[in-house]
Amino acid sequence: MRVPNSVVLPVGTHVDCCQEEEVKEKSHNIMARITAMLAERRSTLTHFIENLEGSEEPKFYVDQWERLKEMESCTLTILNLVAVNCTDHHDIKKLEATILEHVKNEELFPEVVRVLPPVYRQVEAAIVDIAQSEEVADHGMIDLQHLLSKLSQHKNLAHLGLELLQDILRYLHRIGLVMWYEEISHLESTVFLQPAFLITMFKLLVRYHLIQQLESIS
């Protein structure tokens, strides 16, 4: 809901545990609940925005108002639910074909027809090599300038500039190959070449009873 122009494909599993009529009924129910949830979200955002605009000192809430307006402008496209039996290879192939069909839809994904310059692929391949090399720690964290220096050592990338690298990193961040949080001041100079490391780290840190566990350590 917070990602601009998101496209979501709901997938219902365990079809093998249901009768055919049940599948239709449950699919309809899920889509109806999603529609209701989105309507409630829009209503809640509108309510909060109107409250801020009608407050006695609206200038004190400009930042909060801007964040809410940004969330309100985020479009969210919900595709029709696909029901699958995960134990049936045919159903898995059907899901795969459905995903590919939607991804190729230019109305849903305007950038699907965008032709990337060759340097994008070259940098992507070079980053994969760097991430897999023994020189980079398992966590895959690397300084932005150091990454630029290492990339410049690769063939055809000797003249790679920082500005172009940043553009390429934004693209690679969007497709999930790397994580680069340029909007966070403390992280703008760090590139995560192994996004899975962040998931592992969060699983260790963000958990139930964390405060009690930390307090128990002498």
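**Helix α3 and the chain around it**

The buried residues of α3 are D91, L95 and T98. Those three cover an arc of only 60 degrees around the axis, which puts them on the same side of α3. The general point is that an α-helix has 3.6 residues a turn, so residues three or four places apart point the same way. Before I go on, note that this is a predicted model.

What lies over that buried side? The cover on the buried residues of α3 includes β2, residues 11-12, and β4, residues 82-83. On the other side of the helix, H89 and H90 are exposed.

Now the helix itself. α3 runs over residues 89-103, which is 15 residues. From first C-alpha to last, α3 reaches 21 Å, close to the 21 Å expected at 1.5 Å a residue. At its start, the backbone nitrogen of H90 has a side-chain oxygen of D88 within 2.8 Å.

Next, the whole chain. The chain has 8 helices and 6 strands. Starting at the N terminus, the order of elements is β-β-α-α-β-β-α-α-β-α-α-β-α-α. The radius of gyration is 23 Å, well over the 17 Å that the globule rule gives for 218 residues, so the chain is more spread out than a compact globule. Along the principal axes, the C-alpha atoms fill a box of roughly 60 × 60 × 50 Å.

How much of the chain counts as buried? Of the 218 residues, 26% do. The chain exposes about 15,800 Å², and carbon and sulfur atoms supply 55% of that area. Last, contacts: of those with a separation of 6 or more, 58% come from residues 24 or more positions apart.

Key
Residues numbered from 1 in each chain as written. Predicted model: local features only at pLDDT ≥ 70, side-chain atom pairs only at ≥ 80, totals over all residues. Heavy atoms only, no water. Helix = DSSP H or I, 4+ residues; strand = E, 2+ residues; numbered from the N terminus. Expected span 1.5 Å × (residues − 1). Buried < 20%, exposed > 50% of the residue type's maximum accessible area, 1.4 Å probe, protein only. Arc of directions from axis to C-beta. Contact = heavy atoms within 4.5 Å. Polar contact = N/O pair within 3.5 Å; in protein donor to acceptor, adjacent residues only side chain to side chain. Rg over C-alpha atoms; globule rule 2.2 N^0.38 Å. Areas by Shrake-Rupley, 256 points an atom, 1.4 Å probe, with all protein chains shown as cover.
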